[in-house]
Amino acid sequence: MKREYDLVVIGAGAAGMLCAGTAAEEGLSVLLLEKNHKVGRKLLITGKGRCNVTNNCDEDSFLKAVRRNPRFLYSAINRFSTADTMAFFEGLGVPLKTERGNRVFPVSDRAADIVDALHRYVKCSGAELREGEAKELLLDETGVRGVICKDGSEIYARRVAVATGGVSYPQTGSTGDGYRFAKQAGHTVVPAVPSLVPIVTREDYCREMMGLSLRNVTLTVRRAGKKKPVFSELGEMLFTHFGVSGPLVLSASSHMTGDLGEYSMEIDLKPGLTVQQLDARLLRDFEKFINKDFSNALDELLPRKLIPVAVRLSGIAPDTKVNQITREEREKLISVIKAFPVTPVRFRPVEEAIVTAGGVSTAEVDPQTMQSRLVKGLYFAGELLDIDADTGGYNLQIAYSTGHLAGQMLGNK
């Protein structure tokens with residue numbers, strides 16, 4: 001087997017495959033080293049198995065969605081934009097569609113189609129793909145010289161690109177290996193913390209409603225002592241056995257720092273209705289179910305699993321006849337529906353986060369090339385870097401853009 005290459009890329013995820021394929025197309029001899037039996041394992045579970053490929057937005061909108069170090073991405077997103085990503089996958093035979101929030105998915109709704117397309121791209125580029133686990137970097141006084149594998153073998157290369165991801169979903173292979181390589185090379189690694197992560201809540205009724213998915217609701221997060229909400233968006237969320245999850249919650253989590261006890265959360269279950277309109281709707285429903293108990297008169301307004309909880313929070317006795325409910329009681333019910341309370345306690349473990357915040361310090365990486373400022377020939381790409389963004393395809397785009405830029409710049413050396 002060939003043991004010397006122009007480039008070794010560690011990690012066959014989104015960033016690694018873009019980097020390897022781009023560099024090979026630029027004429028380099030490239031080895032893509034992946035410790036899993038199959039490539040793109042984390043990609044397969046993104047978007048609930050549908051793969052939110054990217055976000056169909058312009059450059060400015062994209063950078064506004066980046067939570068940490070957005071300026072670092074100027075060159076990367078300029079050279080490989082969201083439009084470029086869409087054209088890239090459609091050129092590989094994967095038709096795409098744009099859904100609410102400009103989220104882009106394969107028409108097939110199959111993440112496997114994205115992984116297969118990237119796999120084909122790597123093969124067609126001429127890069128060699130090999131199963132194997134890197135143990136450490138080969139370094140000398142002149143820079144990087146290759147990698148040492150876990151089996152003791154050495155692979156020599158003039159350049160090495162590390163694209164091993166963060167520490168979220170470790171079962172997919174993201175176990176923080178890249179942080180170890182970066183530290184070996186003398187890099188600062190900002191401690192990894194969860195970003196885009198489900199939230200544990202205080203209330204027992206979240207468990208009671210486990211499995212209930214809410215659509216077209218508004219989640220608002222407030223911080224004690226602050227008038228302006230730190231987050232407020234319309235979308236989807238989910239109640240779980242531990243608290244809340246789903247797109248809205250994941251996005252909100254990236255806006256919450258420090259002690260979660262300083263935050264409060266509320267859900268507007270009927271954001272399309274004003275208080276007055278909701279009151280009129282209640283009066284119509286109550287008239288329709290005039291002889292029913294209160295607990296049996298909300299079926300057309302709220303999901304079944306949510307009704308018992310809303311009834312308890314309203315303070316109205318469940319067996320109260322609707323024709324006996326007072327205006328004050330109705331106002332209390334409306335306040336529950338328009339500001340359903342959820343109290344955050346803590347984030348779920350970093351291993352359950354969609355992405356991790358933290359990683360290789362961007363101050364020590366050249367944003368024009370993705371090359372280390374400390375070690376010649378060493379490159380970084382993807383989630384391994386201290387960059388993260390909102391949910392909606394932005395984080396995968398960061399992987400594509402940084403991987404592509406690294407591969408392109410490597411080919412120009």
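Which strand gives the most to the lining of the second largest pocket? The legends below take up this and other views of a predicted model.

**Figure 1. Overview of the protein chain in the predicted model.** The secondary structure of the protein chain comprises 12 helices and 21 strands, and the C-alpha trace extends over about 85 × 40 × 40 Å along its principal axes. Of its 413 residues, 55% count as buried. When contacts between residues at least 6 apart in sequence are considered, 72% of them join residues at least 24 apart.

**Figure 2. Close-up of the second largest pocket and its lining.** The pocket has a volume of about 230 Å³ and is lined by 14 residues, among which V193, P194, S254, M256 and T257 lie nearest its centre. The strand that gives the most to this lining is β11, with 3 residues. Both β11 (189-195) and β4 (66-68) supply at least two lining residues each. Sorted by class, the lining consists of 6 nonpolar, 5 polar and 3 charged residues.

Figure 3. In soluble globular proteins, nonpolar side chains tend to be buried together. The largest nonpolar core has 86 residues, and the members that touch the most others are I10, V30, F62, L73, F89, V160 and F380. A second, separate core is made up of 45 residues, including L212, V244, L278 and L301.

**Figure 4. Close-up of the surroundings of V30.** V30 is one of the residues that touch the most other members of the largest nonpolar core. When residues up to four places away in sequence are not counted, V30 touches Y5, L7 and V9, the alanines A20, A23, A24 and A127, and also E128.

**Figure 5. Close-up of an open sheet of 3 strands.** The strands follow the order β3-β6-β5, and their pairing is antiparallel. Because β3 (54-55) and β5 (96-99) stand at the edges and each has a single partner strand, one side of each is left without a neighbour in the sheet. Between β3 and strand β6 (residues 103-106), which run antiparallel, there are 2 bridges, and T54 has V104 in β6 as its bridge partner.

Conventions. Residues numbered from 1 in each chain as written. Predicted model: local features only at pLDDT ≥ 70, side-chain atom pairs only at ≥ 80, totals over all residues. Heavy atoms only, no water. 1 Å grid on protein atoms, 1.4 Å probe; cavity = no way out; pocket = protein on both sides within 12 Å on 5 of 7 lines; lining within 4 Å. Points joined across faces, edges and corners; volume = space filled by probe spheres on them. Helix = DSSP H or I, 4+ residues; strand = E, 2+ residues; numbered from the N terminus. Nonpolar A, V, L, I, M, F, W, Y, C, P; charged D, E, K, R; others polar. Core = buried A, V, L, I, M, F, W, Y, C linked by side-chain atoms within 4.5 Å. Buried < 20%, exposed > 50% of the residue type's maximum accessible area, 1.4 Å probe, protein only. Contact = heavy atoms within 4.5 Å. Pairing = 2+ DSSP bridges.
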